[in-house]
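This briefing is for a reader who is meeting the structure for the first time. Please look over the sequence and the model before going through the points.

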Amino acid sequence: MSRTDVEAVEETNTAFYEAMERGDFDTLSALWLDDEISCVHPGWPVLSGRGEVLRSYALIMSHTDYIQFFLTDTKVAVIGDTALVTCTENILSGGPAEDGGELGPLVGQLVVATNVFRRTSEGWRLWSHHGSPVLTESEEDEEEGSA
């Protein structure tokens with residue numbers, strides 16, 4: 001494994017999140033493999049196949065006016081033509097505009113993600129994305145209080 005493989009995977013992983021932030025569906029689509037892929041968004045069932053996965057991103061993009069990802073704890077492992085990236089997505093997002101035409105309230109969310117990439121002749125491409133929500137202490141306290 002060379003350092004350049006790790007750097008190339010990091011670049012592709014970053015490009016994936018930047019495309020989401022810009023709402024750039026064409027770039028996002030091009031970063032996924034053409035064959036069998038899968039995706040799990042936090043709280044969603046497993047999505048399989050290019051059509052189902054890309055439809056989910058189109059839906060998310062159409063209902064999100066603003067989203068920004070701050071990635072932390074990013075780790076990259078490359079074995080042969082497969083790469084595994086784990087990271088924490090610190091997400092800041094805003095929903096549809098309020099009546100006054102301004103962006104809806106911003107919401108923060110913490111998600112741990114696993115992204116699996118495969119090497120292709122066009123570079124590294126996403127094979128699978130799995131995001132899982134992280135409970136914050138305030139959410140845990142509320143659950144304990146309601147028990």
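The largest pocket holds about 380 Å³ of space. The model is predicted. The points below start with the pocket and then turn to the fold, the sheet, the aromatic rings and one arginine.

**Lining of the largest pocket**

- Two or more lining residues come from each of helix H1 (3-22), helix H3 (50-62), strand S3 (66-79), strand S4 (82-94) and strand S5 (106-120).
- With four residues, S4 gives the most to the lining of the largest pocket.
- By type, the lining of the largest pocket consists of eleven nonpolar residues, eight polar ones and one charged one.

**Overall fold**

- The protein has four helices and six strands.
- Read from the N terminus, the order of the elements is α-α-β-β-α-β-β-β-β-α.
- The protein has 147 residues, of which 33% count as buried.
- Among contacts in the protein with a separation of 6 or more, 49% are between residues 24 or more positions apart.

**The sheet**

- Six strands form an open sheet with mixed pairing, in the order S2-S1-S6-S5-S4-S3.
- Strand S2 (47-48) and S3 are the edge strands, and each of them pairs on one side only.
- Strands of a sheet pair through backbone hydrogen bonds, which may be parallel or antiparallel in arrangement.
- S3 and S4 run antiparallel and are joined by twelve bridges.

**Aromatic pairs**

- The count of aromatic pairs comes to five.
- Phe 16 and Tyr 57 form an edge-to-face pair, with 5.9 Å from centre to centre and 80 degrees between the planes.
- Phe 16 belongs to helix H1 and Tyr 57 to helix H3, so this pair ties together parts that are 41 residues apart in sequence.
- Both Phe 16 and Tyr 57 are buried.
- Trp 32 and Tyr 57 form a tilted pair, at 6.0 Å centre to centre and 50 degrees between the planes.
- This second pair links distant parts of the chain, 25 residues apart: Trp 32 is in the loop between helix H2 (25-30) and strand S1 (38-40), and Tyr 57 is in helix H3.
- Trp 32 counts as buried because its relative accessibility is 2%, which is under the 20% cut-off.
- Tyr 57 has a relative accessibility of 2% and therefore counts as buried.
- Ring pairs join Phe 16, Tyr 17, Trp 32, Tyr 57 and Phe 69 into a cluster.

**Arg 50**

- Arg 50 is part of helix H3.
- Its relative accessibility is 24%, so Arg 50 counts as partly exposed, a class that lies between the 20% and 50% cut-offs.
- Computed along the sequence is not the whole picture for Arg 50 and Asp 35: they are 15 residues apart in sequence and 7.0 Å apart in space, C-alpha to C-alpha.
- Apart from neighbours within four places in sequence, the residues in contact with Arg 50 are Ser 29, Trp 32, Leu 33, Asp 34 and Ile 37.

Terms used:
Residues numbered from 1 in each chain as written. Predicted model: local features only at pLDDT ≥ 70, side-chain atom pairs only at ≥ 80, totals over all residues. Heavy atoms only, no water. 1 Å grid on protein atoms, 1.4 Å probe; cavity = no way out; pocket = protein on both sides within 12 Å on 5 of 7 lines; lining within 4 Å. Points joined across faces, edges and corners; volume = space filled by probe spheres on them. Nonpolar A, V, L, I, M, F, W, Y, C, P; charged D, E, K, R; others polar. Pairing = 2+ DSSP bridges. Buried < 20%, exposed > 50% of the residue type's maximum accessible area, 1.4 Å probe, protein only. Contact = heavy atoms within 4.5 Å. Phe/Tyr/Trp six-rings, centres within 6.5 Å; stacked < 30°, edge-to-face > 60°.
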